[in-house]
Amino acid sequence: MLNVYHLPHFKYDLNEVLVRSEMDPSRFDQFTANLLTKATRRGINDAKDYISDATQDGIIDEVSADRVKRLLHRYSKLR
């Protein structure tokens with residue numbers, strides 16, 4: 001699960017990755033909202049699956065997807 005205590009920091013870092021990516025800026029909000037929902041409610045693995053699906057659909061490039069996955073790992077809490 002994503003550690004909601006560090007959610008503002010995660011959002012900031014995620015935005016930095018997305019701005020540097022090749023993603024269309026009009027998709028930032030939708031991608032971020034879906035990612036946060038999956039990461040906070042369903043778990044990190046579901047969020048990583050969503051990122052993989054977005055990569056296959058051409059929404060985000062491979063390099064940025066890997067960076068987002070690393071962010072998820074860094075800001076997750078283990079149970």
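This is a predicted model: local features need pLDDT of at least 70, side-chain atom pairs count only at pLDDT 80 or more; totals for chains, interfaces and linings use all residues.
View 1. Residues are numbered from 1 along each chain as its sequence is written, and side-chain values use heavy atoms, with hydrogens and water left out. As for charge, there are 13 positive and 12 negative side chains, and the centres of the two sets sit 9 Å apart. Lys and Arg count as positive, Asp and Glu as negative, with His and the chain ends not counted; each charge is placed at NZ of Lys, CZ of Arg, CG of Asp or CD of Glu.

**View 2. The overall fold of the protein chain.** You'll find four helices and zero strands here, in the order α-α-α-α along the sequence (DSSP runs numbered from the N terminus: helices are H or I with at least four residues, strands E with at least two). The radius of gyration is 11 Å, close to the 12 Å that the globule rule gives for 79 residues, so the protein chain is as compact as a globular protein of that length. That radius is taken over C-alpha atoms, and the rule is 2.2 Å times the number of residues to the power 0.38. Along its principal axes, the C-alpha trace spans about 35 × 20 × 20 Å. Of the 79 residues, 39% count as buried (under 20% relative accessible area; exposed is over 50%, partly exposed in between, using a 1.4 Å probe and protein chains only). Take the contacts (heavy atoms within 4.5 Å) between residues at least 6 apart in sequence: 63% of them join residues at least 24 apart.

**View 3. Ser76, in the segment after α4 (62-74).** Is Ser76 buried or exposed? Ser76 counts as buried because its relative accessibility is 19%. Its side chain reaches the backbone oxygen of His73 at 3.0 Å. Setting aside neighbours within four places in sequence, Ser76 is in contact with Met1, Leu2, Asn3 and Ile44.

**View 4. Asn34, in helix α2 (residues 28-42).** Asn34 has a relative accessible area of 30%, so it is partly exposed. Which side chain does the Asn34 side chain join in a polar contact of 3.3 Å? That partner is Tyr50 (a polar contact is a pair of N or O atoms within 3.5 Å; within protein, one must be able to donate a hydrogen and the other to accept it, and residues adjacent in sequence count only if both atoms are side-chain atoms). Asn34 and Asp53 are 19 residues apart in sequence and 12 Å apart in space, C-alpha to C-alpha.
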